[in-house]
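Open the model in your viewer and keep the sequence panel beside it. This tour goes from one selection to the next.

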Amino acid sequence: MRPILILLFALLCLSCGGPEPRRPIEVKSGSFFKESVERNKALLAKEEKLIQELIAKDTIHKYLTSPNGFWYYFETKNDTATYAPQTNDQILFSYNVMSLNNDTIYSAEEVGPTSHVVDKQQLFPGLQNAVKLLKISEKATFVFPSLQAYGYQGDNNAVAPQTPIKSSVELHTIIINKDSIN
């Protein structure tokens, strides 16, 4: 009886090896991210070509290139103003959203005047940077590739996913944050 108990105890000790970790069913190589980057580059190149063709056809306006990856021209320039909005300044501006064919998606009246604290409140990426290029009483039209506009998601309403847009933006007022004046 004693040898049987020793044998059972030995089997019990040998069979209890700790929990074995689960192995992944599928090993990810990171190729999804590489493919996503390549898709984004191809999409951006296609949209930039389309925008460059649009700019080339527009002989009336002189387009400027933003370091943030969009293009713009001034409709109204204020040469007497010297201050452009900085982070934490509160601004009041109006804007519209148009297709590259100038079809109105959202009118300025529909959107209404927008109060915004620069770099602290959510706007689509291009508009976030565009307002910082204007001075009081200036109006400019911006052309944004989809990644600077509403991106892969669209706005879940009237702007479809992966849609480059145009937007006319007019800056009405700036309330300067005291920390901006240094």
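Is D119 buried, partly exposed or exposed? Select D119: its relative accessibility is 29%, so D119 counts as partly exposed. Keep in mind that this is a predicted model. D119 lies in the loop between β6 and α4 (125-130). Check its backbone too: phi of D119 is near 65°, a positive value in a residue other than glycine. Most residues other than glycine have a negative phi.

Go to N88, in the loop between β2 and β3 (90-95). Phi is positive here as well, near 80° for N88, again in a residue other than glycine. N88 has a relative accessibility of 32%, so N88 is partly exposed.

**The whole chain**

Zoom out and colour by secondary structure. The protein has 4 helices and 8 strands. Read from the N terminus, the order of elements is α-α-β-β-β-β-β-α-β-α-β-β. The protein has 182 residues, and buried residues make up 35% of them. Consider the contacts between residues at least 6 apart in sequence: 67% of them join residues at least 24 apart.

**Strand β6**

Select H116, in strand β6 (residues 114-117). Which side of the burial cut-off does H116 fall on, buried or exposed? Its relative accessibility is 1%, so H116 counts as buried. Now show what surrounds H116. Beyond its neighbours within four places in sequence, H116 is in contact with D89, Q90, I91, F93, Q121, L123 and Q128.

Move to β1 and β2. These strands run antiparallel and are joined by 2 bridges. Select L64 and look across to β2: Y72 stands opposite. The hairpin of β1 and β2 has 5 residues between the strands, and there G69 takes a positive phi near 95°.

Pick F74 in strand β2. Its bridge partner in β7 is A140. F74 and A140 are 66 residues apart along the chain, yet their C-alpha atoms are separated by 4.1 Å.

Stay on F74 and show its side chain. F74 has a relative accessible area of 21%, so F74 is partly exposed; the cut-off for buried is under 20%. Leaving aside neighbours within four places in sequence, F74 contacts L64, L133, L134, E138, K139 and A140. Then look above the ring: the charged end of K77 sits over the ring of F74, 4.1 Å from its centre.

**The aromatic rings**

Show Phe, Tyr and Trp side chains. The structure holds 10 aromatic pairs. Select F70 and F142 for one of them: their ring centres are 5.8 Å apart and their planes meet at 70°, so the pair is edge-to-face. This pair links distant parts of the chain, 72 residues apart. F70 sits in the loop between β1 (64-65) and β2 (71-76), while F142 sits in strand β7 (residues 139-144). F70 is buried, at 0% relative accessible area. F142 is buried too, at 0% relative accessibility.

**The nonpolar cores**

Keep F142 and show its contacts. Not counting residues up to four places away in sequence, F142 touches F70, W71, Y72, A130, L133, L134, I165, K166, S167 and V169.

Now widen the selection to the largest nonpolar core, of 23 residues. I91, F93, L127, F142, F144, I165 and V169 touch the most other members. Colour the core by element: β3, α4, β7 and β8 (165-175) each supply at least two residues. The largest share, 4 residues, comes from β8.

Last stop: a second, separate core of 7 residues. Select I55, W71, Y73 and L100, which are among its members.

Definitions and conventions
Residues are numbered from 1 along each chain as its sequence is written. Side-chain values use heavy atoms; hydrogens and water are left out. Rings of Phe, Tyr and Trp (its six-membered ring) pair if their centres lie within 6.5 Å; planes under 30 degrees apart count as stacked, over 60 as edge-to-face and the rest as tilted. Buried means under 20% relative accessible area, exposed over 50%, partly exposed in between (1.4 Å probe, protein chains only). A charge sits over a ring if NZ of Lys or CZ of Arg is within 6 Å of the ring centre and within 35 degrees of the ring normal. Two strands pair if DSSP finds at least two bridges between them. Contact means heavy atoms within 4.5 Å. A nonpolar core is a set of buried Ala, Val, Leu, Ile, Met, Phe, Trp, Tyr and Cys residues joined through side-chain atoms within 4.5 Å.
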